[in-house]
Amino acid sequence: MTASALLPLLVAGPLVGAFVATGLTRPAARRALGLLVSAAVLAGSVLLVMATRDGQVVVAQVAGWPGGIAIPFAADPLSALMVLVASLLVTTCLAFAAATGDDLDRWFVPLALVLSGGVYGAFVTADLFNLFVLVEVALIPSYVLLTAGGRPEQVRAGRIYLTVNLLGSTILLAGIALLYGVTGSVNLGELAGAAADSNAAALAAGVVLVAFGVKAALVPAHGWLPATYPSAPPAVTALFSGLLTKIGVYAIFRVYAVVFDGDARLSSVLLVVFLATMVVGVLGALGEGRMRSILVFHMISQVGYILLGLSFFGVLGVTAGIFYFLHNTVVKASLLLTAGAVETTHGTDRLDRLGGLARREPLLAVAFFAAAVSLAGLPPFSGFVAKLVLVRAAFAEQAYLAGGLAVVVSLFTLLSMMKIWNGVFWGEPPDQPPAEPAVEVPRIPRSLVWPGVVLAGVSLAVGLGAELVLGLSQTAAEGLVDPSDYVDAVSGR
Amino acid sequence: MTAAVAVAVLVTGGVFLVLQRGLVRVTLGFILLGHAANVLLLAAGGMARREAPLVGRVDLPEASDPLPQAFALTAIVITFGITVYLFGLAGAGADAEPDDEPDPEVLP
């Protein structure tokens, strides 16, 4: 079958592309290759979504070993949707990096491709140890991308980022070792329901969940995210936001659904962690004074929203979580790219140094406004549908406190977005200090504006055509709530 | 039991070092933590069977489980690479910034 042949290519394609790109000396050639590979993955992921849209599971038992021995790649609707949104993001961020000139660096395109290959692989692998390896494949280029500029604050951010992620990876490895010791397998098909049946396996899988919680920046392990992401180049921050923390979130979905079988004993613990993540993230954002710092704190808060759906483990809740996941990845990247466009041209993203951009840059302002309103959850954007479905799922589970908190946190999100809007886009440009001669700041080039506009447009389209995406999310949720198709396909039974 | 004690000692030392200030000490701590995880992986394959897993040379009940050994090998390579990079960062940051500098991100 053609669709199953695609799965190993999702990893191999970007890795081979990266290898070839290291040999290309002309920046334009590297740029073209990077865009070509990501666009090809985007096309492939559309095929994958088509192939899984009725809940089918596409499996590739790598190297033709029989099921149970091979290291399988498997795509159910959830994996296919994740790869789709990730490849959309990689393509947009590479286009943005081409506009900022970040990709003139010899290693930028190869590293970004390796990172993307690791992320796609992590979304489609059905083997826990392979998941660990692919997470590392995605993380190692990110260490270099974060610190490549060599500025002191980047080195400082790199230290925090590396140590936290190395700790997370070590915990993950220990968790996988414990799980293998208890169950004798790391294949997700063989592990299905293991944690629900045995307390020892639940403890081991709990260690795995903790490790992914660190990587997804859940409270109380969230502090590393705002300390590191804003120091990276803008294109890199957007790339990380859509890919790296999202691997952790995806893995929590997968492990909780398959290994724990949605064990209800855990759901109250998860609920508390996710609610705390939501609230702490949004409150942290209120104290920040830079566009990207505010947005990065909102990433934490939004991860809480995405996972909140998972803690109401049922088709309705998980549908809400998956829809929120897709919506948030697109919108957050759009906002970060808009902020990056401002920062690249004006040299700063501090709110007190900017102002009056709405008049100078109407298109950028509209894109920011659309994405910001979508993040806060107002119609007609995707954020409204996402929050509506989530709050309805909360009320259906009689989790009134959780549903109410979700609404209150939205108000604070709106407040932060208004703060950015007032500081950067509204009002008058700040007075130049009299000592400095007034410098004429150039207008933001179109090529920097478009990536953010395109993603904001995607958010609007998803909001208006929510039926389609919601239907796909629901199919994906049904595959998670009852993972028997996935388990059968992966274990080759 | 030996493996459990080894893991406990390695984790204790690792956690102690990771909580120190200098990045070099933190990195050494991570090396110890990585070793602990690797011992854990090997122990996960069963401590009683320790013969080389070569089919035809040893009795299968005596042969050790090769899968955790492959896991440990992979993990060692990954941890080693990251450790070297961390040492590189420790060197790069050494002149740029003393350890006790106040947070430069604080806005006026």
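## Close-up views of a two-chain predicted model

**View 1. Chain A and chain B bury about 2800 Å² between them, and carbon and sulfur atoms give 77% of that area.** Buried area here is the accessible area (1.4 Å probe) that two parts lose on being put together, summed over both. In chain A, Arg159(A), Leu166(A) and Tyr180(A) lose the most area to chain B, and together they make up 24% of what that side buries. The contact draws 28 residues from chain A and 34 residues from chain B, where contact means heavy atoms within 4.5 Å. A word on the model before we go on: it is predicted, so local features need pLDDT of at least 70 and side-chain atom pairs count only at pLDDT 80 or more, while totals for chains, interfaces and linings use all residues. Residues are numbered from 1 along each chain as its sequence is written, chains are lettered from A and ligands numbered from 1 in the order in which they are written, and side-chain values use heavy atoms, with hydrogens and water left out.

**View 2. Here is the side of chain A that touches chain B, with helices α5 (128-147) and α6 (152-183) of chain A each supplying at least two residues.** Helices (H or I, at least four residues) and strands (E, at least two) are DSSP runs, numbered from the N terminus. The most comes from α6(A), with 16 residues. By type, this side of chain A divides into 17 nonpolar, 6 polar and 5 charged residues; Ala, Val, Leu, Ile, Met, Phe, Trp, Tyr, Cys and Pro count as nonpolar, Asp, Glu, Lys and Arg as charged, and the others, Gly among them, as polar. Between chain A and chain B the count is 0 salt bridges, a salt bridge being a side-chain nitrogen of Lys or Arg within 4 Å of a carboxyl oxygen of Asp or Glu. The rule does find 2 residue pairs in polar contact across this interface, both at pLDDT 80 or more. A polar contact is a pair of N or O atoms within 3.5 Å; within protein, one must be able to donate a hydrogen and the other to accept it, and residues adjacent in sequence count only if both atoms are side-chain atoms.

**View 3. Glu343(A) and Arg292(A) form a salt bridge, their closest N and O atoms lying 2.9 Å apart.** This pair links distant parts of the chain, with Glu343(A) in helix α14 (residues 315-346) and Arg292(A) in helix α13 (residues 291-311) of chain A, 51 residues apart. Glu343(A) counts as buried because its relative accessibility is 16%, and Arg292(A) counts as buried at 2%. Buried means under 20% relative accessible area, exposed over 50%, and partly exposed in between (1.4 Å probe, protein chains only). Both residues also belong to a salt-bridge network that links Arg290(A), Arg292(A), Glu343(A) and Asp349(A).

**View 4. Thr348(A) sits in the loop between α14 and α15 of chain A.** With 14% relative accessibility, Thr348(A) counts as buried. Setting aside residues up to four places away in sequence, Thr348(A) touches Val342(A), Glu343(A), Arg353(A) and Leu354(A). Its side chain also reaches the backbone nitrogen of Arg350(A) at 3.0 Å.

**View 5. Glu361(A) pairs with Arg443(A) in a salt bridge, with the closest N and O atoms 3.7 Å apart.** Both partners lie in loops: Glu361(A) between α15 (357-360) and α16 (362-376), and Arg443(A) between α18 (400-425) and α19 (446-464) of chain A, 82 residues apart. Glu361(A) is buried, with a relative accessible area of 2%, whereas Arg443(A) counts as exposed at 53%.

**View 6. The side chains of Asp263(A) and Arg265(A) meet in a salt bridge (2.7 Å, N to O).** Asp263(A) is buried at 13% relative accessible area, while Arg265(A) counts as exposed at 53%. A search of the whole structure finds 9 salt bridges over all chains.

**View 7. Chain B, for its part, has 3 helices and 0 strands.** Of its 108 residues, 33% count as buried. Among contacts in chain B between residues at least 6 apart in sequence, 48% join residues at least 24 apart.
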